[in-house]
Amino acid sequence: MESKFPDVVKTIFGDYAEQRNLEMGLQSFDGAYFNQEYRSSITGNSNKLYSTILGGIAFIILAIAGMNFMSLTLTRAYRRSHEMGIRKAAGAQSRQINFQIFGEVFVTCGISFITGLMLAELATPFFQQMTGKSFQVNLWQDPMLWLFLLGMVLILTLITGSYSAFRMAHKKASHLFSSQRTIERIPLFVKGLIGTQFALAITFLIATFTMNEQLNYLLNKDLGYSTSNMITVELDMEGDKGKQVANLFSNEVRRLPGIQEVSTIGGHYRSDPQYVEFKSGFGMGTYGTSSTIEGFDGRINLEIVDEHYLETMDIELLAGRNFSPDRPSDIKNGLLVNQTFVETMGWDNPVGQVISDKNERRTLTLNGKKVIGVVSDFHFKPLYEQLQPIALQHINSRDFGPPGTILVKASPGNLGTTITTLSELWERVVPEENFNYNFLDEMVALQYMEEQRWRNIIQFASFMAIALACFGLFGLAALSAQRRTKEIGIRKVMGATLTNIVTLLSKDFVKLVFAGFIIAIPIAWYAINQWLSEFAYRIEIGPAIFIFAGVTALTIALLTVSWQSIKAAVANPVDSLRSE
């Protein structure tokens, strides 16, 4: 069948198929969802990279939790060193000690596994809202998922319990009873785990702060036109009816109080849910076509507007004149072009230039059109792309079909009342048609829905990562305070103050957080640069974001260890130094 497709395409499209390299093929249904070359209207589309990233985030959070569990298991095993010593003195073998430690870890992991399943069921609506995806947790219907999760429990048990089992099972009973254990330093391995946790947590924090900055930049950047108090009314009518409704409704709207300006355009200003899912969700109604204009190499963007468009959208006229009903020749053959169009053509005096376009196959040919004015650049496409040349042609210059959108610029104030008034007017003009409207600023924001979703996901991951890292730090602080009980007691007897003790116990943790910060800097810098590279207009990455993330992590860490440090510092030295 595919071998016959080229002839079919050529029959339908003729030479246009060759000019645009049009091809037709078959697509496997089971691979349609992740296919980035084609977008399926049946299955929808997604980028497999996003699923990989989500899986990576889940793995990192699980790894942080596993590191914490190893640290806390070691702390727990230290508290039970006398118990282990008695077991070994009574004849317990190393394998029996190992079996006990691994068994306890397995029980903990098993309880966590069951709790996690229940939380996953309860949290499904939250994750659906955060990711913008519709899915269900069908554990009971997927035996492979059960096997995977059970395997994960066993792997976690082996990994998180191995270090504690190795240290406790291979020590002699005499050492477990010895007072020398009280002066042992925290193992470098455990410190490394804590430092790694904070490196990952700080990386997430830097990513969160960067995404917030970039989104604020995108949503607040001057686009070259006004979006505030702008209402778009969609026209979806064929033939002369669309033109009649557009003229009648526009004229009536101008008479309403609270309306500053009204404009009618040829294209649709609408959000496409499928396109939102894929990349961005707002189009400014532009037409596009390949160009054969002499001196112009690329794609022509053409917007069909009326004489009120510039004033309605607050687009500045830099040179020449606007469309006017008093100049029929301008309406028929005139063009407004933006600054980028002028720069692309290399014109010193753009007003009065006549377009030479020999592509007669194009419906919207510009051949013989005269430039009557130059407007300021405005971003009619998302900020992923650089500014492009665009030409504005009057809606009555030739038969473009019915208008697509009416733009209504309302006065600042009660937009709700304005919408109600517009709806009532629409009901009188065309009662048989639905009143479909949007706010232009909300539609522009839809362009970055994907980035907003990822920002929310990374924020959640940052919260989880920093919280889990602090749990591990809390356990390590408890272990450190216990191992230095006698040292702290001696220091207090010798006159050490509360501040001295807290500083003594906290400085090691500050070093770990700082080490994690140093590790996080290159990782975060690479990751956020990769993400920002998708945007033609982006923020500059400065040291402030990194410093702020580091200070945030350090502050949270100090608050976490302060409880254990203060608790140890205010303890009675008599109790600290008493014989065990």
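The bend at a residue is the angle between two axes, one fitted to the seven residues ending there and one to the seven starting there.

Some ground rules. This is a predicted model, where local features need pLDDT of at least 70, side-chain atom pairs count only at pLDDT 80 or more, and totals for chains, interfaces and linings use all residues. Residues are numbered from 1 along each chain as its sequence is written, and side-chain values use heavy atoms, with hydrogens and water left out.

Now H18. Helices (H or I, at least four residues) and strands (E, at least two) are DSSP runs, numbered from the N terminus. H18 covers residues 498-532, which is 35 residues. From first C-alpha to last, H18 reaches 47 Å, close to the 51 Å expected at 1.5 Å a residue. That expected span is 1.5 Å times one less than the number of residues. Where does H18 bend? At alanine 520, by about 35 degrees. A proline follows within four residues: proline 522.

Next, the packing. Two packed helices are described by the angle between their axes and the distance between the axes. The axes here are lines fitted to C-alpha atoms, for helices over the stretch in contact, and angles run from 0 to 180 degrees between N-to-C directions. Under 35 degrees counts as roughly parallel, over 145 as roughly antiparallel, 65 to 115 as roughly perpendicular, and the rest as oblique.

Start with H18 and helix H19, residues 543-569. They pack at about 155 degrees, with axes 8 Å apart. So H18 is roughly antiparallel to H19. What sits in that contact, by class? There are 21 nonpolar residues, 3 polar and no charged ones. Nonpolar is Ala, Val, Leu, Ile, Met, Phe, Trp, Tyr, Cys and Pro; charged is Asp, Glu, Lys and Arg; the others, Gly among them, are polar. H18 passes H19 in a right-handed crossing. A crossing is right-handed if the near helix is turned clockwise from the far one by less than a right angle, and left-handed if anticlockwise.

Bring in helix H8, residues 188-220. H8 and H18 pack at about 40 degrees, axes 7 Å apart. They are therefore oblique to each other. Their crossing is right-handed. H8 and H19 cross at roughly 130 degrees, and their axes come within 9 Å. That pair is therefore oblique too. H8 also passes H19 in a right-handed crossing.

Look inside H19 at alanine 553. Buried or exposed? Buried, at 0% relative accessible area. The cut-offs are under 20% for buried, over 50% for exposed, and partly exposed in between (1.4 Å probe, protein chains only). Alanine 553 and alanine 201 are 352 residues apart along the chain, yet their C-alpha atoms are separated by 8.0 Å.

On to the loops. Most residues other than glycine have a negative phi. Asparagine 229 has a positive phi, near 60 degrees. Asparagine 229 lies in the loop between H8 and strand S1 (230-234). Aspartate 314 also has a positive phi, of about 60 degrees. Aspartate 314 sits between helix H11 (309-313) and strand S7 (317-320), and is partly exposed at 41%.

Tyrosine 225 is in the loop between H8 and S1. Tyrosine 225 is buried, at 7%. How far is tyrosine 225 from aspartate 314 in space? The distance is 5.3 Å, C-alpha to C-alpha, for 89 residues in sequence.

Last stop: serine 134, in the loop between helix H5 (94-131) and helix H6 (143-169). Serine 134 counts as exposed, at 74%.
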